Amino acid sequence: MNVVLLSTYDLGHQPFGLASPAAWLGARGHEVTLADLAVQDMPAGAIRDADVVCFYLPMHTAARLASNVISKTRSLNAKAKLIAYGLYASPNAEYLRDLGVGTVLSGEYERSLCDAVEGCAPAQIVSMERLTFLTPERAQLPGLERYSKLRIDGEARLAGYTEASRGCKHLCRHCPIVPVYQGAFRVVQQDVVLSDIHAQVAAGARHITFGDPDFFNGPAHAMRIVRGMAHEFPGVTYDVTIKIEHILQHREYLRDLRATGCAFLTSAVESIDNDILEKLDKGHTRDHFFTAFRLCRDASLPLLPTFVPFTPWTTPAGYRELLRVIVECDLVDHVAPIQLALRLLIPPDSRLLELDDIREAITHFDRAALLHRWSHRDPAMDELAASVLRLVSREQKENRTRREIFRSIWELVNERAPENFDLLPRAAIPYMDEPWYC
Ligand code: SF4
């Protein structure tokens, strides 16, 4: 069969979610066309000739962008079977069906996607199958120079992306992985991960982002992979995401991460307010964050925290306190400005809906935006969130530095500039140059 796989947005990465199923479909004898619409045009000819068109929806922005793409696909080819797959497929099944999608797949989707293409799968699957993966097929995808790069030591390094595991053992209330994986995680076999890295290094990658929701859900598996990578590809750096709780639990591995080429570690800190952390069921406290930060600093491993600063529980004092802590811990250069502007996202099926105060804050479900809209009981907090977002968007477009944008945010909420701000040591913290995280 002629199959087209489309990705709308994957955080500036060459999509694993196209390359991995391409290998599976190819092995089953199908003709596969891949297109990453974040950097390419719609492949109109291939869509007209397709028997099946599949849409990869790994995140909220991707799912929102897909509605337009699905309509355009339908106008090019009224007969093709439409399939949506990825983390945001099943939670939005009803919406996708209304757009004409026949099958929605989430979880471990590669085998079910092949079955669905061949017409032998039910209309909806959330698979937790333990798959034996195939090396992703990346030859058809745009070159790595079209994607997010690692900014380090004054240079922009070509970066690849792979996944050593999917899902997560944890049940944080705000996390979109939880409604699908419900505490399960699945590993990608070591030989597959290393051969995927090999292909990307051969294509010019000098850095690899591991997109695992949490790299230390399986720390032994993770460490085997990065030790193998350091052995096979010395000099190639990488970055990972690890939760605060795991940084503390597996602190003995931090120096090994550094020694094997970890350029930085991202951690979803989300808040420094213990009450909010409890609401989010994050499994860490404010003090745990400070300890993790010290452990990483002692291991010379830059910790890049992410935040959800605007929640129904955030107060003006709480937001100012977050900015103060960032200055006091000398983390201004570690935090992407968008992280200071994000508002709590409540997708369908979110565990947040368990909370009375969340249900009270919700005004309605916005079908087009694929989320529950909520408002703060203090309208000034919603105005502040909107002002910070406008400020960050504007100053990012003007190519302002992280430090300049931080200062503008500080001045928006405080009367005076932070004391001695211009004297703070400037740290050259490595980061990926894709500014949006959502
Ligand atoms: S640890 Fe991270 S990936 Fe896992 S449930 Fe919590 S937020 Fe999601």
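Q: Where does Asn-399 lie in this predicted model?
A: Look in the loop between α15 (379–397) and α16 (402–413): that's where Asn-399 lies.

Q: What should I look for in the phi of Asn-399?
A: Start with the general idea: most residues other than glycine have a negative phi. Now the case here: Asn-399 isn't a glycine, yet its phi is near 60°, a positive value.

Q: Which residue has a positive phi of about 50°?
A: That's Asp-153, and it is not a glycine either. You'll find Asp-153 in the loop between β7 (150–152) and β8 (155–157).

Q: Why does Asp-153 count as exposed?
A: Because Asp-153 has 9 C-beta neighbours inside 10 Å, and the cut-off for exposed is 12 or fewer.

Q: What is the order of strands in the open sheet?
A: Read it as β8-β7-β18, three strands with antiparallel pairing. The edges are β8 and β18 (431–432), each of them pairing on one side only.

Q: Where is Gln-189 found, and how exposed is it?
A: Gln-189 sits in the loop between β11 (185–187) and α7 (190–202). It has 16 C-beta neighbours inside 10 Å, so Gln-189 counts as partly exposed.

Q: Which residues is Gln-189 in contact with, leaving aside its neighbours within four places in sequence?
A: Thr-132 and Phe-133. There's also Leu-131 to look at: Gln-189 and Leu-131 are 58 residues apart in sequence, but 9.0 Å apart in space, C-alpha to C-alpha.

Q: Where does α3 bend?
A: At Ala-66, by about 35°. Ala-66 is also one of the buried residues of α3, along with His-60, Ala-62, Ala-63, Val-69 and Thr-73.

Q: What do the buried residues of α3 pack against?
A: Four elements to pick out: β1 (2–7), α2 (44–49), β3 (52–56) and β4 (81–85).

Q: Let's zoom out. Into which domains is the protein divided?
A: Domain 1 covers 2–127 and domain 2 covers 144–432. Their C-alpha centres lie 27 Å apart.

Q: How many residues of domain 1 are in contact with domain 2?
A: There are 17 on the domain 1 side, in contact with 25 residues of domain 2. On that side of domain 1, α3 and β5 (103–107) each supply at least two residues. The largest share, three residues, comes from α3.

Q: How do the residues on that side of domain 1 divide by type?
A: Into seven nonpolar, eight polar and two charged residues.

Definitions and conventions: Residues are numbered from 1 along each chain as its sequence is written. This is a predicted model: local features need pLDDT of at least 70, side-chain atom pairs count only at pLDDT 80 or more; totals for chains, interfaces and linings use all residues. The bend at a residue is the angle between axes fitted to the seven residues ending there and the seven starting there. A residue is buried if 20 or more other C-beta atoms lie within 10 Å of its own, exposed if 12 or fewer, and partly exposed in between; C-beta atoms are placed from the backbone. Two residues are in contact if their C-beta atoms, placed from the backbone, lie within 7 Å. Domain bounds come from an automatic or database domain assignment. Ala, Val, Leu, Ile, Met, Phe, Trp, Tyr, Cys and Pro count as nonpolar, Asp, Glu, Lys and Arg as charged, and the others, Gly among them, as polar. Two strands pair if DSSP finds at least two bridges between them.
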